[in-house]
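Please keep the sequence and the coordinates open while reading.

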Amino acid sequence: MSVKNIMKAILPKYIISLFRSIINTQSNVNEIRDMILAYQTNQLQQSNRNPLNSFGKKCFSQTDEDGITLEILKRLNCIEGGTFAEFGVGNGTENNTLILKALGWKGFWVGGEDLVFPIKQPKQSFIYIKDWVTLDNILSLTSDGIKKIGSKEIDVISLDLDGNDIYFVDKLLANGYLPKLFIVEYNAKFPPPVKWQIDYNPKHFWQGDDYFGASLSSYIDLFKKYGFLLVCCNSHTGANAFFIRGEYSEKFKDIPQDIESIYVAPRYYLYHSFGHKNSIKTIEKLFL
């Protein structure tokens, strides 16, 4: 066999082998990266001056928000029979209130995407409203959601719309929507005491850059007007801030009093994989 023919026979196999090697190498790199992230997060949780961070766990949330939410609700004596509302839920597979649905809570979601699973349950248990949220419709969307789940109030509100969030939060608070727990995404690029927020634009669409939301100090000033207290920023990403109604402050005496000890700088490193592969069937069962 000529050298030319030998090369024709060997080269494809070599390329395939090389390609597989590259894929395996990347997979191994991702696994190592995830292990380092998990280790770093654990270290940050344990060393953080805020004891709430040590409860951080990922179930359905993007990172450690679920565990923090559960610990706050335990302190509020609000683990069972609550109601939730979440604005900005993606396709429904990863957000801050799926864990509450797993607890048997009822609630509603508002978002601009189609959910990747069908909703199969009585209307008064859960409703999904697909719509683009603006200052002009957020109140009607909220009242419609509350009415359809047969509730008079909301215990937990989570809002993550990648942009005009602080304006929506202000609108809800100003119109009497005062949940026990309010979870918001803050722009951690701006540390305390910097106050910053984007200009309101009803057509704003996040471009994957640092032009989004508002600083933690801006949120603190806003929530303070309505009697809310900051109790935690999640230590994995420094992306979500947790505010409670001031009347429950006695249950959080161990929380640092200075904002610098609660603030978490941006650490936007997400897992490539976490535990077993997600199955839509697991989420579907929550809605039966």
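Buried here means under 20% relative accessible area, and by that criterion E65, D66, G67, I68, T69, L70, E71, I72, L73 and R75 of helix α2 are buried. The model is predicted, and local features are reported where pLDDT is at least 70.

**Helix α2 and what surrounds it**

- Helix α2 spans residues 65-75, and because 10 of its 11 residues are buried, it is largely enclosed by the rest of the structure.
- The buried residues of α2 pack against α3 (98-102) and against the strands β4 (156-159), β5 (181-185), β6 (228-233) and β7 (240-245).
- After α2 comes N77, with a positive phi near 55 degrees, and this residue lies in the loop between α2 and β1 (83-87).
- N77 is exposed, since its relative accessible area is 70% and the cut-off for exposed is over 50%.

**The largest nonpolar core**

- The largest nonpolar core has 69 residues, of which I72, F87, W109 and F182 touch the most other members.
- I72 is also one of the buried residues of α2.
- Not counting residues up to four places away in sequence, F87 touches F108, V110, V133, I138, T142, I157, S158, L159, D160, L161 and L172.
- In soluble globular proteins, nonpolar side chains tend to be buried together.

**The pair α5 and α6**

- The axes of helix α5 (residues 165-174) and helix α6 (residues 216-225) come within 10 Å and cross at roughly 10 degrees, which makes α5 roughly parallel to α6.
- On the α5 side the contact involves D165, I166, V169, D170 and L173, which meet S218, Y219, L222 and F223 in α6.
- Sorted by class, the contact of α5 with α6 has 6 nonpolar, 1 polar and 2 charged residues.

**Cysteines**

- The count of disulfides comes to 0, for which the criterion is a pair of cysteine sulfur atoms within 2.5 Å.
- C59 is in no disulfide, the nearest cysteine sulfur being that of C232 at 15 Å; at 40% relative accessibility, C59 counts as partly exposed.
- C78 is likewise in no disulfide, and the nearest cysteine sulfur, that of C59, is 17 Å away; at 7% relative accessibility, C78 counts as buried.

**The loop between β5 and α6**

- A188 lies in the loop between β5 and α6 and is buried, with a relative accessible area of 0%.
- Residues that A188 touches, not counting those up to four places away in sequence, are G238, Y263, V264, A265, P266 and Y268.
- The C-alpha atoms of A188 and I220 are separated by 13 Å, and these two residues are 32 residues apart along the chain.
- P193 is found in the loop between β5 and α6, and the peptide bond from P192 to P193 is cis, with omega near 5 degrees.

**Backbone exceptions**

- Most residues other than glycine have a negative phi, and most peptide bonds are trans.
- Against that background, N77 has a positive phi, near 55 degrees, in a residue other than glycine.
- D162 is not a glycine either, yet has a positive phi of about 60 degrees.
- D162 lies in the loop between β4 and α5 and is partly exposed, with a relative accessible area of 28%.

Definitions and conventions:
Residues numbered from 1 in each chain as written. Predicted model: local features only at pLDDT ≥ 70, side-chain atom pairs only at ≥ 80, totals over all residues. Heavy atoms only, no water. Core = buried A, V, L, I, M, F, W, Y, C linked by side-chain atoms within 4.5 Å. Buried < 20%, exposed > 50% of the residue type's maximum accessible area, 1.4 Å probe, protein only. Contact = heavy atoms within 4.5 Å. Axes fitted to C-alpha atoms, helices over the stretch in contact; angles between N-to-C directions. Helix = DSSP H or I, 4+ residues; strand = E, 2+ residues; numbered from the N terminus. Parallel < 35°, antiparallel > 145°, perpendicular 65-115°, else oblique. Nonpolar A, V, L, I, M, F, W, Y, C, P; charged D, E, K, R; others polar.
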